[in-house]
Structures are given as structure tokens and as C-alpha cells.
Amino acid sequence: WPPTARWCIRLTFFQISSCVLTHLGWTVGPAYQAYNQDEIELFSIARYVLMIPLMLVTVYNLIEWCTRRNMRALVISHVCMFEFSVKISYYSLLSTGYGLAYQNQRAYDLRPIYATRWIGWTFAIPTLLFMNLYPLLDHHHPLEALLRILPQQAASAAYCWACFLGCVVTDPLMGWYLNTLGC
């Protein structure tokens with residue numbers, strides 16, 4: 001890895017350490033009790049809307065598998081199917097009331113922040129990073145491309161965790177520290 005990737009890994013370990021210490025030593029704000037029914041319906045619609053591109057990518061994957069078997073196209077279609085599956089999963093949980101909503105301690109109106117969404121983003125953002133490197137798949141094995149961007153993917157997952165925790169921890173100093181560290 002180049003020096004910037006090594007710095008990225010160091011920062012990621014620092015973010016993870018800060019999050020673990022925050023979990024051990026600080027309290028998380030209260031759970032959000034008042035669910036907005038309009039928001040729940042929106043999550044339900046989003047889940048159904050995302051099923052259409054998932055089905056299209058699946059059909060493309062099957063056609064590609066049966067005809068040409070282009071490795072690059074198959075890998076990217078598998079990654080797309082994973083991405084849509086993650087999003088459909090967390091929107092399904094959100095639409096059925098399992099969003100694990102907490103009060104956002106950094107917002108002025110204590111609006112809800114959903115742990116389920118942040119967990120989904122923890123997987124979705126690194127997956128999108130991998131999808132952006134599809135030109136590497138022409139000359140490299142998918143595992144080599146994955147290892148190349150592993151520092152960025154780890155940093156993205158850690159920043160999601162740090163920002164979520166920064167929003168729900170009750171101590172304002174620690175919350176803003178985690179949010180700043182996440183950015």
C-alpha cells in the first residue's frame with residue numbers, strides 16, 4: 001500500500017479505538033419513541049422501489065452467466081446485487097419498526113437517527129467504493145482489487161460507526177469529537 005493508504009489504516013484504527021472507548025465509558029441517548037408514520041411508509045416504498053433494479057441486475061447476471069461469462073460483468077453484477085440486498089434489508093427493517101431509533105443528540109430538534117440505516121451504510125459505502133474500481137477487474141483478480149481499496153473501505157465503515165455514535169452519545173464533547181473524527 002502507498003503511504004496514504006497506511007495513514008488511512010492508522011486513522012481507521014484510531015477511529016475504532018475511539019468508538020470502543022466511547023461504548024465502554026459514555027452513555028448513549030434515549031431511544032426515540034415517537035415514530036413518524038409518514039417516514040415508515042416512505043421506508044416501505046423505498047424497499048419496493050429498490051426491488052426493481054435488484055431484479056434487473058439479477059436477470060442481467062443470469063444472462064451473462066449463461067452466455068458470455070465475462071468475469072468483470074459477473075463480479076460487478078454480484079456486487080450490485082449485494083448492494084441492493086443490503087439496502088432492501090435495512091429499509092425492510094425500518095419499515096417494520098425495527099429501525100433502532102435514537103434521539104440525535106447533536107441536532108437542535110432531537111430528531112430520530114436510525115442505527116439500522118447506519119449499519120446498512122457501513123456495508124453499502126465500502127461496496128460502492130469497490131464498484132468504482134471495476135476497471136481494475138480487466139487486468140486484476142477481484143480479490144486484488146478488493147485488497148487495493150481495503151484501507152478506504154475500512155475507513156468508510158469506521159467513519160459510519162464514529163458518526164452514528166457521535167450523534168447518539170449524550171456527552172456533547174465526545175459527540176462532536178467523534179463526528180469530527182468521522183469527517
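Q: Where is the place of Gln 33?
A: Gln 33 sits in the loop between α1 (3-25) and α2; helices are DSSP runs of H or I with at least four residues, numbered from the N terminus. This is a predicted model, in which local features need pLDDT of at least 70, side-chain atom pairs count only at pLDDT 80 or more, and totals for chains, interfaces and linings use all residues. Residues are numbered from 1 along each chain as its sequence is written, and side-chain values use heavy atoms, with hydrogens and water left out.

Q: Is Gln 33 buried or exposed?
A: Gln 33 has a relative accessible area of 64%, so it counts as exposed (over 50%; buried is under 20%, partly exposed in between, with a 1.4 Å probe and protein chains only).

Q: How far apart in space are Gln 33 and Gln 103?
A: Their C-alpha atoms are 8.8 Å apart, although 70 residues separate Gln 33 and Gln 103 in sequence.

Q: Changing topic, how many salt bridges does a search of the whole structure find?
A: The search finds 1 salt bridge, defined as a side-chain nitrogen of Lys or Arg within 4 Å of a carboxyl oxygen of Asp or Glu.

Q: Which residue forms a salt bridge with Glu 83?
A: Lys 87 does, with the closest N and O atoms 3.5 Å apart. Both residues lie in helix α3, 4 residues apart, about one turn of the helix.

Q: Is Glu 83 buried or exposed?
A: Glu 83 is buried, at 4% relative accessibility, whereas Lys 87 is partly exposed at 22%.

Conventions
Helix = DSSP H or I, 4+ residues; strand = E, 2+ residues; numbered from the N terminus.
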